[in-house]
Amino acid sequence: MSNATNTVIITGASSGIGLGLAEAFLKAGYNVVGTGRSTERLQAAAARLNAGERFLGVAGDVGKPESARQVFAQAIAKFGKVDVLVNNAGIFTAKPFVQFTPDEVEEQISTNLKGVLYPSQEAAKHMSERKRGKIINITASLALQPHGGVPALLAVALKGGINQATRALALELAPHGVTVNAVAPGVVDTPMHAAETHAALGSLHPLGRIANIAEISDAVLYLAKADFVSGTVLPVDGGFSAGR
């Protein structure tokens with residue numbers, strides 16, 4: 001297959017925001033490489049996307065360095081290059097800090113921190129050699145503006161760290177022609193949130209509703225095209241991070 005078409009890697013692409021991002025990038029003309037832990041869920045996603053050879057699913061845990069290396073190797077073998085990395089895979093748990101178990105702490109560190117760092121290392125090496133590329137992290141508005149009614153310290157700590165890492169890596173990679181940005185969503189309408197919770201969750205946002213996945217995809221696609229934007233954390237949160 002020709003490598004003239006842009007290629008994006010999206011972590012956590014088998015459901016929710018990740019699946020919506022895969023659909024949006026396909027519609028925008030990209031080849032899409034999606035990761036997920038479950039081969040079966042990736043196969044279901046591929047069937048739903050119906051993109052044929054333009055979608056490649058790679059199963060693995062992006063919190064492990066070998067999985068990050070494997071997804072880049074397969075993406076480059078099939079499509080010739082990687083133009084955009086979207087670090088979307090993440091875990092969000094809202095409960096009092098003292099209730100988190102050691103296993104939950106390790107799981108969130110693996111997915112929310114290592115699952116960004118290892119793919120970004122692979123992207124930085126590949127994109128720096130090509131002198132072009134874009135890394136986009138999906139973080140969380142709550143990491144910009146914690147809320148007393150939503151206890152989620154682990155997400156705030158880890159996503160907040162990624163916000164700062166976004167800025168630091170943007171500076172490091174700027175001489176190599178690579179931009180690094182983040183999108184910080186508020187609550188998004190995904191299968192994670194039952195319909196009966198939408199009104200209450202929407203009330204957390206000044207605009208009075210939760211986001212739809214397309215609104216997150218639009219922001220990510222903008223950053224995928226923006227050549228003079230780097231080191232930015234873009235809230236897409238209905239005003240949540242502005243304060244209250």
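Start by selecting Val 86: its bridge partner in S5 is Ile 136. Helices (H or I, at least four residues) and strands (E, at least two) are DSSP runs, numbered from the N terminus. This is a predicted model, where local features need pLDDT of at least 70, side-chain atom pairs count only at pLDDT 80 or more, and totals for chains, interfaces and linings use all residues. Residues are numbered from 1 along each chain as its sequence is written, and side-chain values use heavy atoms, with hydrogens and water left out.

**The sheet**

Next, select Ile 138, which stands opposite Val 183 in S6. Six bridges pair S5 with S6, again in the parallel sense.

Now show the whole sheet. It is open, with seven strands in the order S3-S2-S1-S4-S5-S6-S7 and parallel pairing. Strand S3 (55-59) and strand S7 (233-236) are the edges, each pairing on one side only. Two strands count as paired if DSSP finds at least two bridges between them. Neighbouring strands are turned by 20° against each other on average, direction ignored.

Axes are lines fitted to C-alpha atoms, for helices over the stretch in contact, and angles run from 0 to 180 degrees between N-to-C directions.

**Strand S6**

Select S6 alone. Eight of its eight residues are buried, so S6 is largely enclosed by the rest of the structure. Buried means under 20% relative accessible area, exposed over 50%, partly exposed in between (1.4 Å probe, protein chains only). Val 178, Val 180, Ala 182 and Ala 184 point one way from S6. Thr 179, Asn 181, Val 183 and Pro 185 point the other way.

**Two loop residues**

Go to Asn 50, in the loop between helix H2 (39-49) and S3. Its phi is near 50°, a positive value in a residue other than glycine. Asn 50 is exposed, with a relative accessible area of 67%. Move on to Lys 131, in the loop between H4 and S5. Phi of Lys 131 is also positive, near 65°.

Centre the view on Asn 88, Gly 90, Ile 91, Phe 92 and Met 192. Of the 43 residues lining the largest pocket, these are the closest to its centre. The pocket holds about 1,200 Å³ of space. A pocket is an open set of points on a 1 Å grid over the protein atoms alone, where a 1.4 Å probe fits, with protein on both sides within 12 Å along at least five of seven lines; lining residues have an atom within 4 Å of a point. H1 gives the most to this lining, with three residues. The lining of the largest pocket divides into 19 nonpolar, 19 polar and five charged residues.

Finish at Leu 117, Ser 120, Gln 121, Ala 165 and Leu 169. Of the 13 residues lining the second largest pocket, these lie nearest its centre. Its volume is about 160 Å³. H5 supplies the largest share of that lining, six residues.

Key: Points joined across faces, edges and corners; volume = space filled by probe spheres on them. Nonpolar A, V, L, I, M, F, W, Y, C, P; charged D, E, K, R; others polar.
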